[in-house]
Amino acid sequence: MAEKQERTVVLVKPDGVKRGLVGEIISRIEKRGLKLIALQMVWATKDQIDGNYPKDEAWLKKIGEKTGKNYQTYGLDVKAELGTDDPMEIGKMVRQWLIDYMTSGPMVKMVVSGIHAVDMVRKITGSTMPSEAEMGTIRGDFSVDDATAANRGKRAIHNLVHASGTIKEAESEMLVWFAPEEIHDYKRAEEDIMF
Ligand code: GDP
Ligand code: MG
(Lines give C-alpha, C1' and ligand atoms only; values in the text may rest on other atoms or scores of the structure.)
(Ligands and ions follow the chains in the order given, each with its own letter.)
Protein backbone atom coordinates (compact mmCIF):
# COMPACT_ATOMS: atom_id res chain seq x y z
CA MET A 1 0.00 0.00 0.00
CA ALA A 2 2.77 2.42 0.95
CA GLU A 3 4.01 2.87 -2.62
CA LYS A 4 0.63 4.20 -3.76
CA GLN A 5 0.55 6.88 -1.07
CA GLU A 6 0.98 10.44 -2.30
CA ARG A 7 1.07 13.79 -0.56
CA THR A 8 -0.57 16.90 -1.98
CA VAL A 9 -0.97 20.54 -0.96
CA VAL A 10 -4.43 22.08 -0.53
CA LEU A 11 -5.01 25.78 0.12
CA VAL A 12 -8.40 27.19 1.06
CA LYS A 13 -8.07 30.50 -0.78
CA PRO A 14 -9.05 33.86 0.81
CA ASP A 15 -12.58 33.73 -0.69
CA GLY A 16 -13.11 30.27 0.85
CA VAL A 17 -11.98 31.49 4.27
CA LYS A 18 -14.07 34.68 4.08
CA ARG A 19 -17.13 32.68 3.10
CA GLY A 20 -16.76 30.32 6.05
CA LEU A 21 -16.16 27.23 3.92
CA VAL A 22 -13.02 25.94 5.65
CA GLY A 23 -14.86 23.24 7.59
CA GLU A 24 -16.91 22.13 4.59
CA ILE A 25 -13.82 21.80 2.41
CA ILE A 26 -11.77 19.90 4.98
CA SER A 27 -14.73 17.69 5.75
CA ARG A 28 -15.09 16.58 2.12
CA ILE A 29 -11.42 15.62 1.99
CA GLU A 30 -11.50 13.75 5.31
CA LYS A 31 -14.73 11.90 4.60
CA ARG A 32 -13.31 10.56 1.37
CA GLY A 33 -10.68 8.79 3.49
CA LEU A 34 -7.78 11.12 2.74
CA LYS A 35 -5.60 12.02 5.71
CA LEU A 36 -4.82 15.53 6.92
CA ILE A 37 -1.13 15.55 7.90
CA ALA A 38 -0.42 19.32 8.24
CA LEU A 39 -2.72 22.30 8.81
CA GLN A 40 -2.40 26.03 9.53
CA MET A 41 -3.94 29.43 8.76
CA VAL A 42 -1.59 31.85 7.03
CA TRP A 43 -1.78 35.29 5.42
CA ALA A 44 0.64 34.66 2.61
CA THR A 45 3.35 37.00 1.42
CA LYS A 46 3.73 37.78 -2.28
CA ASP A 47 6.99 35.79 -2.22
CA GLN A 48 5.22 32.69 -0.91
CA ILE A 49 2.62 32.84 -3.69
CA ASP A 50 5.37 33.46 -6.19
CA GLY A 51 6.98 30.23 -4.97
CA ASN A 52 3.71 28.29 -4.98
CA TYR A 53 3.00 28.67 -8.70
CA PRO A 54 5.37 27.59 -11.47
CA LYS A 55 6.94 30.39 -13.51
CA ASP A 56 8.47 28.45 -16.37
CA GLU A 57 7.60 29.45 -19.92
CA ALA A 58 5.49 26.36 -20.51
CA TRP A 59 3.19 27.09 -17.53
CA LEU A 60 2.86 30.80 -18.36
CA LYS A 61 2.13 30.00 -22.00
CA LYS A 62 -0.43 27.34 -21.09
CA ILE A 63 -2.34 29.65 -18.78
CA GLY A 64 -2.05 32.51 -21.32
CA GLU A 65 -3.38 30.32 -24.13
CA LYS A 66 -6.24 29.11 -21.94
CA THR A 67 -7.17 32.71 -21.17
CA GLY A 68 -6.88 33.77 -24.84
CA LYS A 69 -9.12 30.89 -25.96
CA ASN A 70 -11.72 31.95 -23.47
CA TYR A 71 -11.91 35.41 -24.99
CA GLN A 72 -12.46 33.78 -28.40
CA THR A 73 -15.22 31.54 -27.05
CA TYR A 74 -17.16 34.57 -25.89
CA GLY A 75 -16.42 36.64 -29.01
CA LEU A 76 -14.18 39.13 -27.22
CA ASP A 77 -11.08 40.76 -28.65
CA VAL A 78 -8.24 39.75 -26.34
CA LYS A 79 -5.87 42.42 -27.68
CA ALA A 80 -8.42 45.19 -27.14
CA GLU A 81 -9.18 43.97 -23.61
CA LEU A 82 -5.69 43.19 -22.35
CA GLY A 83 -3.43 45.15 -24.70
CA THR A 84 -1.71 42.01 -26.03
CA ASP A 85 -2.50 38.64 -27.57
CA ASP A 86 0.86 37.08 -26.74
CA PRO A 87 0.17 34.00 -24.54
CA MET A 88 3.36 34.53 -22.50
CA GLU A 89 2.44 38.14 -21.71
CA ILE A 90 -1.13 37.16 -20.82
CA GLY A 91 0.23 34.31 -18.67
CA LYS A 92 2.39 36.78 -16.74
CA MET A 93 -0.62 39.03 -16.26
CA VAL A 94 -2.80 36.22 -14.89
CA ARG A 95 0.04 35.18 -12.58
CA GLN A 96 0.18 38.71 -11.14
CA TRP A 97 -3.62 38.74 -10.63
CA LEU A 98 -3.21 35.44 -8.84
CA ILE A 99 -0.62 36.90 -6.46
CA ASP A 100 -2.98 39.78 -5.60
CA TYR A 101 -5.90 37.41 -5.00
CA MET A 102 -3.98 34.94 -2.86
CA THR A 103 -2.63 37.72 -0.62
CA SER A 104 -6.00 39.48 -0.19
CA GLY A 105 -6.76 37.65 3.07
CA PRO A 106 -5.72 34.67 5.15
CA MET A 107 -5.73 31.17 3.69
CA VAL A 108 -5.79 27.74 5.29
CA LYS A 109 -2.93 25.59 4.09
CA MET A 110 -2.73 21.84 4.48
CA VAL A 111 -0.99 18.71 3.34
CA VAL A 112 -3.17 15.73 2.56
CA SER A 113 -1.97 12.16 2.08
CA GLY A 114 -3.56 9.06 0.66
CA ILE A 115 -3.84 6.75 -2.29
CA HIS A 116 -3.51 8.82 -5.49
CA ALA A 117 -3.98 11.89 -3.28
CA VAL A 118 -3.02 14.37 -6.03
CA ASP A 119 -5.65 13.20 -8.53
CA MET A 120 -8.25 12.42 -5.89
CA VAL A 121 -8.10 15.91 -4.38
CA ARG A 122 -8.26 17.46 -7.86
CA LYS A 123 -11.40 15.45 -8.47
CA ILE A 124 -12.96 16.62 -5.21
CA THR A 125 -11.96 20.20 -6.09
CA GLY A 126 -13.41 20.21 -9.62
CA SER A 127 -12.61 22.19 -12.76
CA THR A 128 -10.61 25.45 -12.52
CA MET A 129 -13.59 27.37 -13.87
CA PRO A 130 -16.41 27.27 -11.32
CA SER A 131 -19.02 27.84 -14.04
CA GLU A 132 -17.89 24.59 -15.68
CA ALA A 133 -17.22 22.57 -12.53
CA GLU A 134 -19.38 19.49 -11.96
CA MET A 135 -21.97 19.42 -9.22
CA GLY A 136 -20.67 17.49 -6.24
CA THR A 137 -17.25 19.13 -6.47
CA ILE A 138 -16.22 21.94 -4.11
CA ARG A 139 -15.98 24.50 -6.92
CA GLY A 140 -19.18 23.24 -8.58
CA ASP A 141 -21.22 23.34 -5.40
CA PHE A 142 -20.04 26.61 -3.89
CA SER A 143 -18.79 28.98 -6.60
CA VAL A 144 -20.03 30.59 -9.81
CA ASP A 145 -17.15 32.67 -11.19
CA ASP A 146 -15.97 32.38 -14.80
CA ALA A 147 -12.96 33.46 -16.81
CA THR A 148 -14.69 36.19 -18.79
CA ALA A 149 -15.90 37.96 -15.67
CA ALA A 150 -12.51 37.52 -14.01
CA ASN A 151 -10.51 38.69 -17.02
CA ARG A 152 -12.79 41.70 -17.48
CA GLY A 153 -12.17 42.64 -13.86
CA LYS A 154 -8.44 42.00 -14.34
CA ARG A 155 -8.42 39.55 -11.45
CA ALA A 156 -7.91 35.83 -10.90
CA ILE A 157 -10.87 33.47 -11.07
CA HIS A 158 -12.27 33.09 -7.57
CA ASN A 159 -12.52 29.35 -7.12
CA LEU A 160 -12.16 28.75 -3.36
CA VAL A 161 -9.37 26.22 -3.33
CA HIS A 162 -5.96 25.37 -4.69
CA ALA A 163 -4.79 21.77 -5.10
CA SER A 164 -1.45 20.64 -6.50
CA GLY A 165 -1.75 19.54 -10.13
CA THR A 166 1.02 16.94 -10.20
CA ILE A 167 3.25 15.04 -7.75
CA LYS A 168 6.12 17.32 -8.81
CA GLU A 169 4.06 20.47 -8.08
CA ALA A 170 3.04 18.97 -4.73
CA GLU A 171 6.66 18.33 -3.73
CA SER A 172 7.77 21.88 -4.49
CA GLU A 173 4.66 23.45 -2.91
CA MET A 174 5.21 21.47 0.30
CA LEU A 175 8.63 23.10 0.62
CA VAL A 176 7.03 26.55 0.23
CA TRP A 177 4.39 26.05 2.90
CA PHE A 178 5.73 23.69 5.56
CA ALA A 179 8.90 22.76 7.42
CA PRO A 180 9.42 18.97 7.49
CA GLU A 181 8.69 18.84 11.24
CA GLU A 182 5.28 20.46 10.68
CA ILE A 183 4.15 17.51 8.56
CA HIS A 184 2.98 14.58 10.68
CA ASP A 185 2.09 11.00 10.07
CA TYR A 186 -0.24 8.89 12.13
CA LYS A 187 -2.68 6.08 11.64
CA ARG A 188 -6.33 6.83 11.05
CA ALA A 189 -8.71 4.54 12.90
CA GLU A 190 -10.32 3.14 9.76
CA GLU A 191 -7.09 2.28 7.94
CA ASP A 192 -7.25 -1.37 9.01
CA ILE A 193 -10.75 -1.64 7.57
CA MET A 194 -10.44 0.42 4.40
CA PHE A 195 -7.30 -1.15 2.98
P1 GDP B 1 -5.94 25.20 -10.99
O2 GDP B 1 -4.78 24.27 -10.85
O3 GDP B 1 -7.24 24.49 -11.26
O4 GDP B 1 -6.09 26.14 -9.81
O5 GDP B 1 -5.70 26.11 -12.29
P6 GDP B 1 -4.34 26.71 -12.90
O7 GDP B 1 -3.14 26.15 -12.20
O8 GDP B 1 -4.44 26.57 -14.37
O9 GDP B 1 -4.49 28.28 -12.57
C10 GDP B 1 -4.17 28.77 -11.30
C11 GDP B 1 -5.22 29.79 -10.89
O12 GDP B 1 -5.17 30.93 -11.77
C13 GDP B 1 -6.67 29.31 -10.98
O14 GDP B 1 -7.09 28.57 -9.86
C15 GDP B 1 -7.41 30.63 -11.13
O16 GDP B 1 -7.60 31.27 -9.86
C17 GDP B 1 -6.44 31.47 -11.96
N18 GDP B 1 -6.75 31.35 -13.41
C19 GDP B 1 -6.54 30.27 -14.21
N20 GDP B 1 -6.90 30.51 -15.48
C21 GDP B 1 -7.36 31.79 -15.50
C22 GDP B 1 -7.90 32.64 -16.54
O23 GDP B 1 -8.04 32.25 -17.71
N24 GDP B 1 -8.26 33.90 -16.18
C25 GDP B 1 -8.14 34.36 -14.90
N26 GDP B 1 -8.52 35.61 -14.63
N27 GDP B 1 -7.65 33.60 -13.90
C28 GDP B 1 -7.26 32.32 -14.19
MG1 MG C 1 -2.68 24.57 -10.94
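Biologist: What makes the pair formed by K13 and ligand 1 a polar contact?

Modeller: In this predicted model, a polar side-chain atom of K13 lies 3.0 Å from an oxygen atom of ligand 1. The cut-off for a pair of N or O atoms is 3.5 Å, so the pair counts as a polar contact.

Biologist: Which backbone atoms lie within the cut-off of 3.5 Å?

Modeller: A polar backbone atom of R155 is 2.8 Å from a nitrogen atom of ligand 1. For I157, a backbone N or O atom lies 2.9 Å from an oxygen atom of the ligand. The protein covers 95% of the 550 Å² of accessible area that ligand 1 has on its own.

Biologist: How many residues surround ligand 1, and which are the closest?

Modeller: Ligand 1 is surrounded by 17 residues, and the closest are K66, R122, T128, N151 and R155.

Biologist: How do you know that the buried residues of α10 are on the same side of the helix?

Modeller: The buried residues of α10 (residues 167-177) are A170, E173, M174 and W177. Their arc around the axis is only 110 degrees, which puts them on the same side of α10. On the other side, K168 and L175 are exposed. The buried residues of α10 pack against several elements, including β1 (5-12), α3 (46-52) and α7 (117-125).

Biologist: What span should helix α6 have at 1.5 Å a residue?

Modeller: The 16 residues of α6 (residues 87-102) should span 22 Å, and the end C-alpha atoms are 22 Å apart, so the two values agree. Among the buried residues of α6 are M88, R95, W97 and Y101.

Note on methods
Residues are numbered from 1 along each chain as its sequence is written. Chains are lettered from A and ligands numbered from 1 in the order in which they are written. This is a predicted model: local features need pLDDT of at least 70, side-chain atom pairs count only at pLDDT 80 or more; totals for chains, interfaces and linings use all residues. Side-chain values use heavy atoms; hydrogens and water are left out. Buried means under 20% relative accessible area, exposed over 50%, partly exposed in between (1.4 Å probe, protein chains only). Helices (H or I, at least four residues) and strands (E, at least two) are DSSP runs, numbered from the N terminus. The arc is that of the directions from the helix axis to the C-beta atoms. Contact means heavy atoms within 4.5 Å. The expected span of a helix is 1.5 Å times one less than its number of residues. A residue is near a molecule or strand if one of its heavy atoms lies within 4 Å of it. A polar contact is a pair of N or O atoms within 3.5 Å; within protein, one must be able to donate a hydrogen and the other to accept it, and residues adjacent in sequence count only if both atoms are side-chain atoms. Accessible areas come from the Shrake-Rupley method with a 1.4 Å probe; for residues, only the protein chains shown count as cover.
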